[in-house]
Amino acid sequence: MTDLDELLLEGLASGQIGGVLADHGRHSLGFAASSDASFEFGGTVVDLGSGVGLPAFVLADAYPQTLWVLIERRSGRADLLKRAVARMRWEDRVEVVSADAAVAGRSGLRGRADVVTARAFGPPSTVAELGAPLLVPGGSLVVSEPRDADPENRWPIDGLTRCGLRLIESWETDAGSYVRLLRTDESIEDLPRPGARKRAIF
C-alpha cells in the first residue's frame, strides 16, 4: 500500500468521504481523461474546495510534473491537507491555501492557473464565477458532473460568457462524468462578485 493510499483510507475511516478507495482514484483520474489532443493536463493546477485531497492528491501523484494549489476555506481541513503534503514530501510543488475561493480569486492566485479542477464544489454558476478568475486565458476549468447531466443545460452560453468561459467538451469514464470549460480572453475584472455564493450569476 502506498503512502497516498494510506492517506485516503484515513479519510474514509474518519467519515470525511464515503465509498471505495479504488473508485475515488478512478474518479480523480477521470479529470485528465479528455480525448481532445489539444488539451494537456499540466502546468499549474488549482483545486477548488480540496476537502480531503480529492482529486488533487491522486492527480498530483499521477502527474508529477504538475504544480498544485489546493484551496480549502475550512481552516481545520486545510491544516490536515498541509500535513498530508508534508507526509508525501510534496512541499516543493503542492501548496495549500486556507481561504475562500472568492477571496483567492482576488489574490495573487488570480490568472495563475493553467487548469482549475472542481469536485462537488457547488452549482455550475458558483464553480464558473469562482473558477474563471483563477485561470490564464486559454486555461481549462474541469468539473465533475452528475451522471446523465445535460452539459448545455447546466452550463448555458450566456452565463458562461458572463464568466469569460466557453463549454468545450464533456466526457465520461467508468467512474464519472466531466466537462471542460475554456477561459476566453474576455475581461471579467468584476468577478468574483462580493457575496457570489449567495447570488447566482446564472
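Biologist: Which residues of helix 6 are buried?

Modeller: Buried means under 20% relative accessible area, exposed means over 50%, and partly exposed lies in between, using a 1.4 Å probe and protein chains only. In helix 6, the buried residues are Pro124, Ser125, Thr126, Val127, Ala128, Glu129, Leu130 and Gly131. That is eight of eight residues, and the helix, residues 124–131, is mostly covered. Helices (H or I, at least four residues) and strands (E, at least two) are DSSP runs, numbered from the N terminus.

Biologist: What should I keep in mind about the model itself?

Modeller: This is a predicted model, where local features need pLDDT of at least 70 and side-chain atom pairs count only at pLDDT 80 or more, while totals for chains, interfaces and linings use all residues. Residues are numbered from 1 along each chain as its sequence is written, and side-chain values use heavy atoms, with hydrogens and water left out.

Biologist: Let's step back, then. How many helices and strands does the chain have?

Modeller: The chain has eight helices and seven strands. Its radius of gyration is 16 Å, close to the 17 Å that the globule rule gives for 202 residues, so the chain is as compact as a globular protein of that length. That radius is taken over C-alpha atoms, and the rule is 2.2 Å times the number of residues to the power 0.38. Along the principal axes, the C-alpha atoms fill a box of roughly 45 × 35 × 30 Å. Of the 202 residues, 52% are buried.

Biologist: What share of the contacts joins residues at least 24 apart?

Modeller: A contact means heavy atoms within 4.5 Å. Among contacts between residues at least 6 apart in sequence, 70% join residues at least 24 apart.

Biologist: Could you show me contacts around single residues? Which residues does His27 touch?

Modeller: Leaving out residues up to four places away in sequence, His27 touches Arg119, Ser144, Ala175, Gly176 and Tyr178. His27 lies in helix 2 and is buried, with a relative accessible area of 16%. Thr184 makes a second example: this residue, in the segment after strand 7, is buried at 13%. Beyond its neighbours within four places in sequence, Thr184 is in contact with Pro137, Gly164, Leu165 and Arg166.

Biologist: And Glu95: where does this residue lie, and what does it touch?

Modeller: Glu95 lies in strand 3, residues 94–97, and counts as partly exposed at 36% relative accessibility. Not counting residues up to four places away in sequence, Glu95 touches Trp68, Val69, Leu70 and Arg112. The C-alpha atoms of Glu95 and Val46 are separated by 9.5 Å, and these residues are 49 apart along the chain.

Biologist: Why is the pair of Phe41 and Tyr63 called tilted?

Modeller: The planes of Phe41 and Tyr63 stand at 50°, with centres 5.3 Å apart, so this pair is tilted. The pair links distant parts of the chain, 22 residues apart: Phe41 in the loop between helix 2 (21–29) and strand 1 (44–48), and Tyr63 in the loop between helix 3 (56–62) and strand 2 (67–71). Tyr63 is partly exposed, at 24%. Ring pairs link Phe39, Phe41, Tyr63 and Trp68 into a cluster.

Biologist: How should I read backbone angles?

Modeller: Most residues other than glycine have a negative phi, and most peptide bonds are trans. Here, the bond from Leu54 to Pro55 is cis, with omega near 5°, and so is the bond from Leu191 to Pro192, with omega near -5°. Pro55 is in the loop between strand 1 and helix 3, and Pro192 is in the segment after strand 7.

Biologist: Which phi does Arg89 have, and which does Ala120 have?

Modeller: Arg89 has a positive phi of about 60°, and Ala120 one of about 55°. Arg89, in the loop between helix 4 (75–88) and strand 3, is exposed at 62%. Ala120, in the loop between strand 4 (113–118) and helix 6, is exposed at 74%.

How values were computed. Rings of Phe, Tyr and Trp (its six-membered ring) pair if their centres lie within 6.5 Å; planes under 30 degrees apart count as stacked, over 60 as edge-to-face and the rest as tilted.
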